[in-house]
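Please keep the sequence and the structure in view while reading.

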Amino acid sequence: MTAAAPPMSTKALLTDATTVRLRPRYEGSNICTWIGFKHVNYLVEEAVLVHFAGSGAPARRLYEEHGLGLDVVALETRILHAFHMDDVAEAEVTPDTADDDRTLGFRVTLRVERGGSVLKAVAAKVRVSLRADAYLPEPTEPPAEFAPFVVDRLGAEGAAGELARIRVSLPDGAEDAVLASLTEGRNAYAWKWNIPYPYCHFTERLQMSGYLRLMEEAKDRFVRDRGISIKALLDDRRWIPVVPQSSVRVIDEAVMEEDLYTVYTVEEIFKDLTYTARMDCFVVRDGALTLTATGRITHGYAVIENRSDWRLVPFDQRVLDALAGKQSGT
């Protein structure tokens with residue numbers, strides 16, 4: 001006979017720190033043995049899931065017993081040192097939820113061993129909502145102490161003003177016209193995409209990892225459109241993009257098989273070293289574009305020196321012109 005699980009409580013979830021050792025997935029090593037920013041963020045997310053499980057409120061139990069989907073709704077990450085294939089990260093999760101917060105907050109630190117020293121490699125902030133499931137019949141009521149963090153719709157808390165500011169009338173239903181309206185007057189690239197089920201969870205909605213994948217694809221599409229694709233710079237000069245910082249915030253829900261319009265806009269080029277771009281994701285509802293997520297990512301470039309080392313390099317004129325949307329004579 002299996003013993004019944006003890007009642008869930010937020011006490012450990014909101015007060016105790018968790019430390020766990022994690023290994024980045026093999027899939028995340030795309031250039032030599034370095035791990036990309038998306039999979040670094042996956043480590044952050046996994047550390048938070050382990051914290052929930054260790055605190056007696058694992059994601060599976062929250063959903064199966066109480067109909068609550070554990071959704072990461074905000075993720076802000078600084079990468080201080082690169083991860084490599086086969087590295088083992090020590091992840092520390094510290095609760096960071098104020099008394100009046102309506103999302104569960106955590107700070108996550110990833111450390112890695114380098115040459116006999118342990119370095120702080122990643123610092124992240126994470127916010128989590130517990131989304132009440134309406135897809136299946138009524139579940140068991142969760143403990144009352146979880147109630148402040150339960151929402152009927154992601155992004156509903158505090159998003160009304162932002163949604164009202166972002167919504168714009170569609171010029172017409174044509175895809176090209178919608179894309180043109182999203183990029184007009186901006187240093188931007190946009191495309192339409194139908195949300196497939198592998199990017200979703202809890203049966204219906206796009207999850208945080210899906211937005212991270214979109215952010216990575218947005219960069220790839222943008223530089224290819226500007227004539228400095230990832231492969232072009234690898235072949236020409238062995239340059240690779242590097243990411244010191246990224247963030248994504250869910251504003252509203254995006255649902256499986258909806259058309260999602262993603263806009264990647266270059267906001268600032270800092271001297272010749274880094275540039276920051278904003279990603280905005282929209283769906284069409286009630287004849288208007290509704291923002292579902294927004295985020296920012298900072299990129300630089302590094303030159304591959306050998307199979308295990310790289311160093312940062314400044315942008316040359318060709319790259320600067322491409323990023324700024326100018327014709328280059330280089």
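How many disulfides does the count come to? The count is zero, where a disulfide is a pair of cysteine sulfur atoms within 2.5 Å. Cys200, for instance, is in no disulfide, and the nearest cysteine sulfur, that of Cys281, is 13 Å away.

The model is predicted, so local features need pLDDT of at least 70 and side-chain atom pairs count only at pLDDT 80 or more, while totals for chains, interfaces and linings use all residues. Residues are numbered from 1 along each chain as its sequence is written, and side-chain values use heavy atoms, with hydrogens and water left out.

**Burial and backbone angles**

Burial is described by relative accessible area: buried means under 20%, exposed over 50%, and partly exposed in between (1.4 Å probe, protein chains only). Helices (H or I, at least four residues) and strands (E, at least two) are DSSP runs, numbered from the N terminus.

| Residue | Relative accessible area | Class |
|---|---|---|
| Phe222 | 0% | buried |
| Tyr264 | 1% | buried |
| Ile251 | 2% | buried |
| Cys200 | 10% | buried |
| Asp86 | 55% | exposed |

Asp86 is found in the loop between strand E4 and strand E5 (89-95). Its phi is near 75°, which is a positive value in a residue other than glycine. Cys32 also has a positive phi, near 50°, and is likewise not a glycine. This cysteine lies in the loop between strand E2 (29-31) and strand E3 (34-35), and its relative accessibility of 34% makes it partly exposed.

Helix H3 covers residues 59-66, and its buried residues are Arg61, Leu62, Tyr63 and His66. These residues pack against helix H2 (37-54), strand E4 (68-79) and strand E7 (117-132); contact means heavy atoms within 4.5 Å. Gly67 follows H3 and has a positive phi, near 65°.

Helix H8 (residues 317-324) has Arg318, Val319, Asp321, Ala322 and Leu323 as its buried residues. Among the elements that cover them are helix H7 (230-237) and strand E16 (288-304). Just after H8 comes Gly325, with a positive phi of about 80°.

**Aromatic rings**

There are nine aromatic pairs in the structure. Rings of Phe, Tyr and Trp (its six-membered ring) pair if their centres lie within 6.5 Å; planes under 30 degrees apart count as stacked, over 60 as edge-to-face and the rest as tilted. The ring centres of Phe222 and Tyr264 are 5.1 Å apart and the planes are at 45°, so this pair is tilted. Phe222 belongs to helix H6 (residues 208-225) and Tyr264 to strand E14 (residues 259-270), so the pair ties together parts that are 42 residues apart in sequence. Elsewhere, ring pairs link Trp239, Tyr275, Tyr301 and Phe315 into a cluster.

A charge sits over a ring if NZ of Lys or CZ of Arg is within 6 Å of the ring centre and within 35 degrees of the ring normal. Arg213 lies over the face of Tyr199, at 3.7 Å from the ring centre. Trp239, a member of the ring cluster, has Arg237 over its face, at 4.7 Å from the ring centre.

**Nonpolar cores**

A nonpolar core is a set of buried Ala, Val, Leu, Ile, Met, Phe, Trp, Tyr and Cys residues joined through side-chain atoms within 4.5 Å. The largest core has 80 residues, of which Phe52 and Tyr211 touch the most other members. Beyond its neighbours within four places in sequence, Tyr211 is in contact with residues including Leu206, Val248, Met279 and Cys281. A second, separate core holds 11 residues, among them Leu179, Leu182, Ile251 and Tyr261. Ile251 is found in the loop between strand E13 (239-250) and E14. The C-alpha atoms of Ile251 and Arg127 are separated by 12 Å, although these residues are 124 apart along the chain.

**A buried arginine**

Is Arg278 buried or exposed? At 18% relative accessibility, Arg278 counts as buried. This arginine lies in strand E15 (residues 274-285). Its side chain makes a polar contact with the side chain of Glu267 at 2.7 Å. A polar contact is a pair of N or O atoms within 3.5 Å; within protein, one must be able to donate a hydrogen and the other to accept it, and residues adjacent in sequence count only if both atoms are side-chain atoms. Leaving aside neighbours within four places in sequence, the contacts of Arg278 also include Arg186, Tyr264 and Arg296.
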